[in-house]
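Please keep the sequence and the model in view while reading.

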Amino acid sequence: MLKGTGLTLLSRVKAVSADVIYRCSLRHYIGKKALSLLSPSCAPGSVLWRPNEGFFREVCTSTTLHRKIGGNKRKNDLSEKKLTRHFVDCRRVKLVAGSGGKGSCSFHSEPRKEWGGPDGGNGGDGGSIIIKANRFVKSLAQVTPVYKAEDGQAGGNKNCYGRNGNSTYISVPVGTVVKEQGTTIMDLAEDGQEYLAVFGGAGGKGNRFFLSNENRAPMTATPGTAGQERVLQLELRTMAHAGLVGFPNAGKSSLLRAISNARPAVAAYPFTTLNPHVGIVEYRDHEQVAVADIPGIIRGAHLNRGLGISFLRHIERCRFLLFVLDLSAPEPWTQLQHLCYELDQYEPGLSQRPQAIVANKMDLPEAREKLETLKSQVTQRVIPISALTGQNTEELILHLRELYDGYLQDDGSEGVKPVRW
């Protein structure tokens, strides 16, 4: 419907084309939409709204639009402990390969061709599951507990075969060891190395497959076979270059925050860290040293007290150790003796790996006196630091590089390829 000036204009014109009617109605529609978007204070004739000589009007875009803004419900703030991503060095996975598609039983039907014969196609093969080493993957955190490959499609008529199921690839870090019931079956030591874990089932046969001179009209079609199913354990041979070993509340997580970009949860109660966290220490020559924050172990950990076996397993996968001692304890040198005892009870010789002693909490008043007593009790190198204030962390970072360079030389001389981050 035309109103206003548009109707007056059309009444004066004898022959009006469809194009002119369309333009007039479009101008009237745009004008109404522009008025509806403005606030009531911007009425026609005001300063903010005035007609222009051209087709469009000048509209003030700074005014409030009449649109109801729905308020989003505020999500609950997650704690830092829940937001922290921990490192996973062991996974138990169930792998189920795809089943084969069933064969088809059908006969060819065409005008003026009564005896077309069987034309049922075979089913497709099920997909397999392949474990592949990828140097860009550093943790097993993305590995899910169950993997199911794609099934093959069923066969069709006109001798159409079913499509094979796609293979499923599981990306794992380089150095992953594949075990089944405690027995090592594969060591993925090279980038791009693959291990075919489970095979997909074979597709069923259609009735065309059973055509013979004796049986010209077979009615037999077989189903596809089920895919292989296995339960495997994936373990990392090397979790990190250095491992922070200490009792609960010794300041291991604070130390990892001070020397790397990792952000594990820190709190004033023991067992804050229940899963290992890995931080990367970067140097100017672009070398990277991985440092793992191992959950605190307690006395009797080799007897699996306080989840000790799982925590000691993390230490086993570190190439050199950093014993973090709490100088606020009455006798911090006894902590070192108990830690070495637990490591040797779990695996003989584990405490003899390249190591250093980190005397933490040097910002306390009584730490100076205990530091001198600690140096007289041990023969290893003692590095006094304060993870809270960052005092003397440079010395620890430089000593980490010395231990890392020695690790590269030792593994290279033994013919074992060292792990680089």
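A salt bridge is counted here when a side-chain nitrogen of Lys or Arg lies within 4 Å of a carboxyl oxygen of Asp or Glu. By this rule the count comes to 13 salt bridges. The model is predicted, so local features need pLDDT of at least 70 and side-chain atom pairs count only at pLDDT 80 or more, while totals for chains, interfaces and linings use all residues. Residues are numbered from 1 along each chain as its sequence is written, and side-chain values use heavy atoms, with hydrogens and water left out.

One of these salt bridges joins the side chains of Glu194 and Lys132, at 4.0 Å from N to O. This pair links distant parts of the chain, 62 residues apart, since Glu194 belongs to strand β9 (residues 194-198) and Lys132 to strand β4 (residues 129-133); helices (H or I, at least four residues) and strands (E, at least two) are DSSP runs, numbered from the N terminus. Glu194, with a relative accessible area of 38%, is partly exposed, a term for values between buried (under 20%) and exposed (over 50%), found with a 1.4 Å probe on protein chains only. Lys132 is likewise partly exposed, at 32%.

Another salt bridge connects Lys148 with Asp151, whose closest N and O atoms are 2.9 Å apart. Lys148 is partly exposed at 46% relative accessible area, and Asp151 is partly exposed at 38%.

Further along, Glu402 and Arg381 meet through their side chains in a salt bridge of 3.7 Å, N to O. Glu402 lies in helix α8 (residues 393-413) and Arg381 in the loop between α7 (367-377) and β16 (382-384), so the pair ties together parts that are 21 residues apart in sequence. Finally, a network of salt bridges links Lys179, Glu235 and Arg317.
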